[in-house]
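Colleague: Please show me the model, and then we can go through it in questions and answers.

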Amino acid sequence: MTATGSPGNPNPNLSKPMLVHHFLRALARVNRAAPKQSHARRSRRIRCAAYASMAAAAGPGRRWSRVLLRRLRSSPSSHRRRISVRVARPPRIATASSRVETLRRLVPGGRSLGYCSLLEETADYVRWLDAQVQLMQSLVDFFSS
Amino acid sequence: MSSRGRSRITDDEINELISKLQSLLPESRRRNIDRASASKLLKETCSYIKSLHREVDDLSDRLSGLMATMDDNSPQAEIIRSLLRS
């Protein structure tokens, strides 16, 4: 499998082997750290490992990957997805700008980016996120066979 | 929105980025955008990212369950063990 720029992988910067390498290593670490940990705990650690290895494979050239690496390295045990508390509000029309705000929250580091940079970061983030999901699905299929 | 000190972004550049984003959505979601509408595209992109995040959660859960079986004597457990040996 060629690493970059092959016909099945039009993005020259997305390296699937690097993704596999980082994620498998992270999974082995999760297992070594506490072999008898609870399912919930291991599940959380695997989730963190997914984002951390995705960011590591992407490298520090992107805002989203730098933000994720910083977040996950500093306090790996406390990395939680922000749970938004829905306060009852009158229904409002979703404007283009409110959707941009949602996008800013979804893409790591998106808050302080200009519109153009935000779209570029989004495109890159989605590509890598997609590849990570495919990898995890392949592993689940492989382990379940 | 913070200014990055760049020259003004042209409509062409925005359109190019929009179509780049559009090409990332899977076919089933692209159908939801009948015209090149930036607003719809943003909506679909946000929805897609959220579903990817949920998939990461779900797949992490499933991997966790599979890794719990690592100490078994089954062939699957051996596969998992060998792949995670480092």
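Modeller: Contact means heavy atoms within 4.5 Å. This is a predicted model, in which local features need pLDDT of at least 70, side-chain atom pairs count only at pLDDT 80 or more, and totals for chains, interfaces and linings use all residues. Residues are numbered from 1 along each chain as its sequence is written, chains are lettered from A and ligands numbered from 1 in the order in which they are written, and side-chain values use heavy atoms, with hydrogens and water left out.

Colleague: Is Ser43(A) buried or exposed?

Modeller: Buried means under 20% relative accessible area, exposed over 50%, partly exposed in between (1.4 Å probe, protein chains only). Because its relative accessibility is 8%, Ser43(A) counts as buried.

Colleague: Which residues does Ser43(A) touch, not counting residues up to four places away in sequence?

Modeller: The side chain of Ser43(A) makes a polar contact of 3.0 Å with that of Asp61(B). A polar contact is a pair of N or O atoms within 3.5 Å; within protein, one must be able to donate a hydrogen and the other to accept it, and residues adjacent in sequence count only if both atoms are side-chain atoms. With residues up to four places away left out, Ser43(A) touches Asp61(B), Ser60(B) and Ser64(B).

Colleague: Which residue forms a salt bridge with Arg47(A)?

Modeller: A salt bridge is a side-chain nitrogen of Lys or Arg within 4 Å of a carboxyl oxygen of Asp or Glu. The rule finds one across the interface of chain A and chain B. With closest N and O atoms 2.9 Å apart, the partner of Arg47(A) is Asp57(B).
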